[in-house]
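Please look over the points below with the model open beside you. They go from the backbone to the ligand and then to the cavity.

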Amino acid sequence: MGKIPVTERVTGHTELIGLLAYPIRHSMSPTMHNEALKKLGLDYVYVALEVDSESLEDAVKGLRAMRFRGCNVSMPNKQRIIPLLDKVSEEVELTGAVNTVVNDNGTLTGYCTDGIGCMRALSEEGVVVKGTKITILGTGGAGTAIIAQAALDGAAELSIFNRKDEFWDKAVETVKKINEKTSCKATLYALEDQDKLRAEIADSAILINATGVGMKPLEGQSLITDPAMLRPDLVIHECIYSPRETALLKLAKEVGCKKALNGLGMMLYQGAAAFKRFTGQDMPIEYMKDLLF
Ligand code: NAD
């Protein structure tokens with residue numbers, strides 16, 4: 001990414017959009033949104049606001065008082081913000097996490113655009129989710145958002161794998177909700193069951209890695225190391241975008257997988273979905289790709 005440009009476009013009319021998170025300084029979101037706003041000549045400014053869980057309630061009151069148009073939300077606030085909002089979208093009912101809040105004349109609505117971003121990254125590559133079976137590794141923030149959106153978008157079956165770690169109990173709950181509220185059949189398996197993993201991938205059209213395995217401090221590692229578990233017609237979606245090519249994507253290349261995507265598309269399209277909700281406008285995707293990729 002190039003230098004952050006100095007903006008000269010803020011006036012007395014400019015509307016505010018914030019990002020509430022801590023830590024926050026590493027985020028690409030302010031650059032992405034401000035560049036898109038500038039390109040389209042929209043009179044908003046997007047600012048990073050260092051807000052931890054202790055100051056979240058005051059910060060949300062502040063957003064209302066100062067009539068922010070909305071905000072993005074990241075760690076540690078994605079779950080904690082829900083009781084402070086007026087409404088949430090259907091994907092939030094499933095994920096229990098919010099990454100985008102829109103303020104419509106004092107009514108705050110929470111959305112979760114990470115799963116929407118992943119689904120669009122797939123569809124932009126011509127990958128159809130409706131009616132397919134997907135294997136997903138990971139049930140943290142990204143994995144939960146993806147399984148919820150895939151179910152809402154009509155995936156027929158989801159085989160979800162996670163370690164029996166601190167994410168397990170919430171995953172059990174999410175899978176139960178998906179099975180109750182959507183027509184998708186979701187099943188949670190222990191990642192330790194490698195025979196099951198092999199069988200489920202063999203039966204899936206898409207494999208998604210939504211764990212941190214493959215990025216620092218686990219860079220160079222992959223949950224899949226046996227090339228026999230992949231095949232050329234299996235679509236691979238890696239949520240990680242740094243590094244651009246993870247060990248899983250290298251393996252996919254060796255096997256000759258025709259579609260193997262890193263997480264840059266998901267990152268861009270989750271931002272675009274938030275941008276649309278804030279401004280009503282489509283983010284200029286090709287321009288953003290030139291700038292960010
Ligand atoms: P999180 O902390 O909420 O969840 C981490 C997940 O990784 C859990 O499922 C955990 O069980 C699993 N995990 C961690 N270490 C593991 C190991 N050694 N073996 C097996 N499983 C392990 O994190 P998150 O926010 O869900 O992020 C997950 C990944 O997705 C990260 O790499 C993150 O960079 C990426 N991500 C990408 C985007 C995007 O827009 N492309 C958005 C969000 C997250």
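1. Start with Arg 67, which sits in the loop between helix H2 (56-65) and strand E3. Helices here are DSSP runs of H or I with at least four residues, strands are runs of E with at least two, and both are numbered from the N terminus. The phi angle of Arg 67 is near 50°, a positive value in a residue that is not glycine.

2. A word on the source. This is a predicted model, in which local features need pLDDT of at least 70 and side-chain atom pairs count only at pLDDT 80 or more, while totals for chains, interfaces and linings use all residues. Residues are numbered from 1 along each chain as its sequence is written, and side-chain values use heavy atoms, with hydrogens and water left out.

3. Which peptide bonds to proline are cis? One runs from Met 75 to Pro 76, with omega near 5°. Pro 76 belongs to the loop between strand E3 (70-73) and strand E4 (87-88). Another cis bond joins Lys 216 and Pro 217, with omega about 5°. Pro 217 is in the loop between strand E10 (206-209) and strand E11 (235-238).

4. Next, the ligand. Nonpolar means Ala, Val, Leu, Ile, Met, Phe, Trp, Tyr, Cys and Pro; charged means Asp, Glu, Lys and Arg; the others, Gly among them, count as polar.

5. Which atoms of Asn 162 face an oxygen atom of the ligand? An N or O atom in the Asn 162 side chain is 2.7 Å from one. Backbone N or O atoms also lie 3.3 Å from a ligand oxygen at Gly 140 and 3.4 Å from one at Gly 212. The protein covers 76% of the 840 Å² of accessible area that the ligand has on its own (Shrake-Rupley method, 1.4 Å probe).

6. Last, the inside. How many cavities of 30 Å³ or more does a search of the whole structure find? The search finds 1. A cavity is a set of points, on a 1 Å grid over the protein atoms alone, where a 1.4 Å probe fits but cannot get out; lining residues have an atom within 4 Å of a point. The largest cavity holds about 50 Å³ of space, a volume being the space filled by probe spheres set on the points.

7. The lining of the largest cavity includes Lys 78, Cys 112 and Asp 114. Helix H5 (residues 141-152) gives the largest share, 3 residues. The lining divides into 4 nonpolar, 4 polar and 2 charged residues.

How values were computed:
On a 1 Å grid over the protein atoms alone, a cavity is a set of points where a 1.4 Å probe fits but cannot get out, and a pocket is an open set with protein on both sides within 12 Å along at least five of seven lines; lining residues have an atom within 4 Å of a point. A polar contact is a pair of N or O atoms within 3.5 Å; within protein, one must be able to donate a hydrogen and the other to accept it, and residues adjacent in sequence count only if both atoms are side-chain atoms.
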